[in-house]
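Good morning, colleagues. Please look at the model on the screen while I go through its helix packing.

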Amino acid sequence: MKIIVTGGAGFIGSAVARHIVNDTQDHVLVLDSLTYAGNLDSLKEIETSERFTFEHVNICNSSELDRVFKAFQPDAVMHLAAESHVDRSIDGPAAFIETNIVGTYTLLEATRRYWSALSVEKKQAFRFHHISTDEVYGDLHGTDDLFTETTPYAPSSPYSASKASSDHLVRAWLRTYGLPTIVTNCSNNYGPYHFPEKLIPLTILNALEGKPLPVYGNGAQVRDWLYVEDHARALYKVVTEGVVGETYNIGGHNERKNIEVVQTICRLLDELAPTKPNNIQNYADLITFVTDRPGHDMRYAIDASKIDAELGWKPQETFESGIRKTVEWYLANEAWWSRVKDGSYAGERLGLTR
């Protein structure tokens, strides 16, 4: 297969691109506009593969999308390009509306133009796979409730509202135009190459520098944690074996309170990086509770039984194994995250030297 991965220089998208090149025989074309979270360093291990191509393209650019589709002739599109940080969406929602809603619309139309001209056989085989989030469902109030594929949408932030809108657009393009679409909604991802603004990498890197470890409110917010490489395997499973028109929830079966996540990281760093900064005794001494974010959802939890039963996918990593691998990766890959922190990755990113 020939697969376009939008947002493929981002955290999840780069994991998908690496999985396709390293673990399948398929060809991948990464489309990325290289905003602040796009990092070509995350694709370095596959950049020399003959089955990998990169295009510096914004999904809001219709003519560029047409050019790429015509040249690459994809069999599938995996749409991951999105603005995805809740705090940033609160401070500046316009970029989220532009990328997540207008960008998805523009990509759908470019895909439809390309798909409409295919042969009957290629039309039937084609897939548009839209990758979304469990945050479109809002939050769960009962301790035993789970998000299912039929849970009503109730987004709480500008980010989740923009993703909910993009989900609706994708389903409408199937219903109205027959474009063969599939939607997946995932829980919180973590793992290697995660941009340092997110909770887990921020905690790891702040701890190593002896900086405060900020935790919103009392840290009781619950998330279902999904190791990013497990997610990449699930997404490939869906795009190659999923049923058109279906939705699949993808979760890690690993519910943890935010404070528990931070405390776990601190314990691992006590073990793996015993030489501590600023003469602190334990990394947990750096935990600092800060004012909660507006509209903060209290609990997300995914029922991933459908993708298990119908496609045979389940996560390989427990939270304990995945978080250890993650901490070990950050300790071993200072060259990657130091370039993010000092901004030098951006110079290469904008110069497109790779």
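A crossing counts as left-handed if the near helix is turned anticlockwise from the far one by less than a right angle, and as right-handed if clockwise. The model is predicted, so to speak of local features requires pLDDT of at least 70, and side-chain atom pairs count only at pLDDT 80 or more, while totals for chains, interfaces and linings use all residues. Residues are numbered from 1 along each chain as its sequence is written, and side-chain values use heavy atoms, with hydrogens and water left out.

Helices are DSSP runs of H or I with at least four residues, numbered from the N terminus. Axes are lines fitted to C-alpha atoms, for helices over the stretch in contact, and angles run from 0 to 180 degrees between N-to-C directions.

I begin with helix α9 (residues 258-272) and helix α11 (residues 319-332). Their axes come within 10 Å and cross at roughly 55 degrees. That makes α9 oblique to α11, given that angles under 35 degrees count as roughly parallel, over 145 as roughly antiparallel, 65 to 115 as roughly perpendicular and the rest as oblique. The crossing of α9 and α11 is right-handed. Contact means heavy atoms within 4.5 Å; among the residues that meet are V261 and L268 in α9 and F319 and V327 in α11.

α11 also packs against helix α12 (residues 334-341), at an angle of about 75 degrees and with the axes 6 Å apart. The two helices are therefore roughly perpendicular to each other. Here W329, Y330 and A332 in α11 meet E334, W336 and W337 in α12.

Next come helix α1 (residues 11-23) and helix α8 (residues 228-241), whose axes come within 9 Å and cross at roughly 65 degrees. The crossing of α1 and α8 is right-handed. Its contact residues include F11 and H19 of α1 and H231 and Y236 of α8.

Finally, helix α4 (residues 94-116) has 23 residues and reaches 32 Å from its first C-alpha to its last, close to the 33 Å expected, the expected span being 1.5 Å times one less than the number of residues. α4 bends by about 30 degrees at G103, where the bend is the angle between axes fitted to the seven residues ending there and the seven starting there.
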